[in-house]
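This briefing looks at aromatic side chains, their surroundings and their partners. Please view the sequence and the structure first, and then read the notes that follow.

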Amino acid sequence: MSKFSVGSDGVFRRMRMGLAACAAALALSACHPGAGPGIPGMKMDAGAPGAPAGQADAGETIGTGAVKVGLIVPLTGPNGPSAVGASLRNAAKLAYADSGTSDVTILVKDDKSTPAGAAAAAQAAINEGAEIILGPVFATDVKEVGRVAHSAGRPVIAFSTDSSAAGRGNYLLSFLVEGHVDRGLTFAAQRGKKSVAALVPESDYGTLALAQFQQSAATAGLRVPLIERYKPGAPGEAVQRLAAARDQFDAIFIPEQADAMASVSKELMAANLDSKKVQIIGTGVWNDGRTLSLPALQGAWFTAPENAGFNAFAQRYKAKFGSDPARIATLAYDAVSLAIALSRSQGSQRYSESVLTNPSGFNGADGVFRFKPDGTNERGLSILEIGGGSAKIISPAPRNFTGNGA
């Protein structure tokens with residue numbers, strides 16, 4: 001069993017569980033969770049299958065406690081049931097079972113993978129007494145839920161990786177690209193790197209990463225001699241321009257997805273820009289078997305949460321539901337665990353801004369995290385080095401927010 005409890009320093013600490021997890025939570029990996037064993041206090045309300053996107057189903061409840069918590073997840077999408085939504089719901093059931101509590105009732109609502117459905121789900125949860133909303137996943141849906149919740153004076157802890165969905169009272173629990181970039185560049189500076197070039201795809205992820213790259217490089221005192229962008233799948237010319245300016249930098253930052261790194265690696269090798277010649281730095285999306293054996297990336301660094309917490313969670317999830325969880329399922333698990341812990345320890349202020357933005361932070365399956373007043377977050381991330389088809393930790397994730405983990 002694992003649970004949140006309040007430490008003397010105000011940090012909500014994990015019991016009997018390792019700190020972190022492997023792989024960035026940016027990709028919504030598929031899974032097929034079964035119904036799993038029943039959980040005491042859980043019942044299924046009479047829903048309205050096939051209800052329009054702007055109309056909320058009655059939904060499912062977990063628990064019978066006095067404190068109501070809304071959980072909005074994409075249980076259905078355009079093509080039918082959503083495995084990701086089911087995995088998030090099951091993670092909430094596991095968190096409730098692990099907590100051993102009857103303090104809360106979790107109101108599970110399907111957002112139908114649409115903004116209108118998300119707004120309707122939020123309104124339904126609030127009408128039923130929800131004091132806080134957990135979820136949803138997609139940025140456009142998060143913004144709609146935030147609008148509804150804000151008018152009712154309710155906070156939101158959502159799972160989108162798009163920081164544009166964050167705002168005061170609209171907190172993101174997910175792994176944000178900004179955190180990965182900042183950790184990677186700070187570490188590079190600590191390791192003596194002076195000048196970092198960037199090779200960036202013309203994608204939404206690339207654009208977000210580039211904005212943070214420029215900010216973090218300046219903060220870390222790193223010179224940025226050139227930034228090369230390329231159309232997805234066509235990095236060749238940009239790599240050649242980097243190669244022509246090789247004497248101007250001692251590291252290259254590449255915020256590219258795992259499935260596109262094979263073509264990037266090929267061009268880097270052809271240009272003699274592999275990690276034996278220049279330090280290559282990536283983000284958590286590289287924590288993927290498709291990148292770990294690429295020739296140009298042997299010796300490259302990337303950021304990621306550590307493995308132990310997610311592995312422990314996944315084992316318990318599979319034992320209960322008979323399948324592997326979606327990678328982002330820990331977000332629902334941690335959000336529900338946190339909501340339960342706060343309901344026990346913080347009285348009427350349990351979901352207030354001052355409690356949720358506690359600078360000491362919290363500790364969950366994916367490691368330490370804290371919410372900023374602007375709705376974004378900071379997370380404890382490790383630095384890994386690729387070598388021999390695997391990755392090893394060379395700088396552990398911090399266990400608290402008093403150090404940098406380097």
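In this predicted model, Tyr171 is buried, and Phe371 is buried as well, where buried means under 20% relative accessible area, exposed means over 50% and partly exposed lies in between, with a 1.4 Å probe and protein chains only. Residues are numbered from 1 along each chain as its sequence is written. Because the model is predicted, local features need pLDDT of at least 70 and side-chain atom pairs count only at pLDDT 80 or more, while totals for chains, interfaces and linings use all residues, and side-chain values use heavy atoms, with hydrogens and water left out.

**Aromatic pairs**
- The structure holds 10 aromatic pairs, a pair being rings of Phe, Tyr or Trp (its six-membered ring) with centres within 6.5 Å, called stacked if the planes are under 30 degrees apart, edge-to-face if over 60 and tilted otherwise.
- The ring centres of Tyr171 and Phe371 lie 5.4 Å apart with the planes at 40°, so this pair is tilted.
- That pair links distant parts of the chain, 200 residues apart, with Tyr171 in strand 11 (residues 170–172) and Phe371 in strand 18 (residues 367–371); strands are DSSP runs of E with at least two residues, numbered from the N terminus.
- Phe369 and Phe371 form an edge-to-face pair, at 5.7 Å centre to centre and 65° between the planes.

**Burial**
- Phe369 is buried, with a relative accessible area of 1%, and Phe371 counts as buried at 3%.

**Cluster and charges**
- One aromatic cluster is formed by Phe310, Phe313, Tyr317, Phe321 and Tyr333.
- The charged end of Arg327 sits over the ring of Phe310, 4.3 Å from its centre, the criterion being NZ of Lys or CZ of Arg within 6 Å of the ring centre and within 35 degrees of the ring normal.

Notes:
Helix = DSSP H or I, 4+ residues; strand = E, 2+ residues; numbered from the N terminus.
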